[in-house]
Amino acid sequence: FHLFFLNFNTQSSFNGMKKLTLLLVMVLFALKGNAQEPDPRIFSTWYVLEYIEGGVSYFLPDAYPIEIFEEGDQNCPHYFYFPNPWHSSGGCIGSVTETQFVIQELGIIAEGEICQGGPPECEAFFTKYRPLYADAEITGDPLSYVIEDLQNNKRRLIVTNLNGDQAIYSN
């Protein structure tokens, strides 16, 4: 956005206030026009492939889905949901921009709940994986995301916290 140089006249406080008000209105309109919209590709079904914490990779024996829904309600703008063969759980994404999202409410993503009745590797993985989202909910820190287009209409979603830990998904 462009701001025009305004020469504030200190002799006339009324004119100065009008100019300051005009400047603030221009800045607000410019910022509103630059609001980022979410990448629409994030609203999809993704499969957890890998979790990287402190440079160490953790894998699941099978891919587990996570569904991210565009439509929510006034209490939760965007839902996410972990359906799996043993137990379903999810939470609420408060705001989503082109490159970040904020966890508003985690819901029940306890490793024992997601992996209830599943293989022991599932619980071990989610014990490591869960804090990526739980810590972001507690601190209010945004999670960054990048969506990469791959071959054969495949995509990769990489979610990163402020510490550089990553969850990697495929569609």
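Colleague: What is the handedness of the link of cysteine 76 and cysteine 92, and what is the angle about the S-S bond?

Modeller: The link is right-handed, with 125° about the S-S bond. The pair links distant parts of the chain, 16 residues apart: cysteine 76 lies in the loop between strand S2 (56–69) and strand S3 (78–82), and cysteine 92 lies in strand S4 (residues 89–96). This is a predicted model, in which local features need pLDDT of at least 70 and side-chain atom pairs count only at pLDDT 80 or more, while totals for chains, interfaces and linings use all residues. Residues are numbered from 1 along each chain as its sequence is written, and side-chain values use heavy atoms, with hydrogens and water left out.

Colleague: Why is the pair of cysteine 76 and cysteine 92 called a disulfide?

Modeller: The term needs two cysteine sulfur atoms within 2.5 Å. Here the S to S distance is 2.1 Å, so the pair qualifies. A search of the whole structure finds 1 disulfide.

Colleague: What makes aspartate 39 count as buried?

Modeller: Buried means under 20% relative accessible area, exposed over 50%, and partly exposed in between (1.4 Å probe, protein chains only). Aspartate 39 has 15%, so it is buried. This residue is found in the loop between helix H1 (13–33) and strand S1 (45–53). Cysteine 76 and cysteine 92 are buried too.

Colleague: Why is the pairing of aspartate 39 and arginine 41 called a polar contact?

Modeller: A polar contact is a pair of N or O atoms within 3.5 Å; within protein, one must be able to donate a hydrogen and the other to accept it, and residues adjacent in sequence count only if both atoms are side-chain atoms. The side chains of aspartate 39 and arginine 41 are joined at 2.7 Å, so the distance is within the limit.

Colleague: Where does H3 kink, and by how much?

Modeller: At threonine 127, shortly before proline 131, by about 30°. The bend is the angle between axes fitted to the seven residues ending at a residue and the seven starting there. Buried residues of H3 include Phe125, Phe126 and Tyr129.

Methods:
Helix = DSSP H or I, 4+ residues; strand = E, 2+ residues; numbered from the N terminus.
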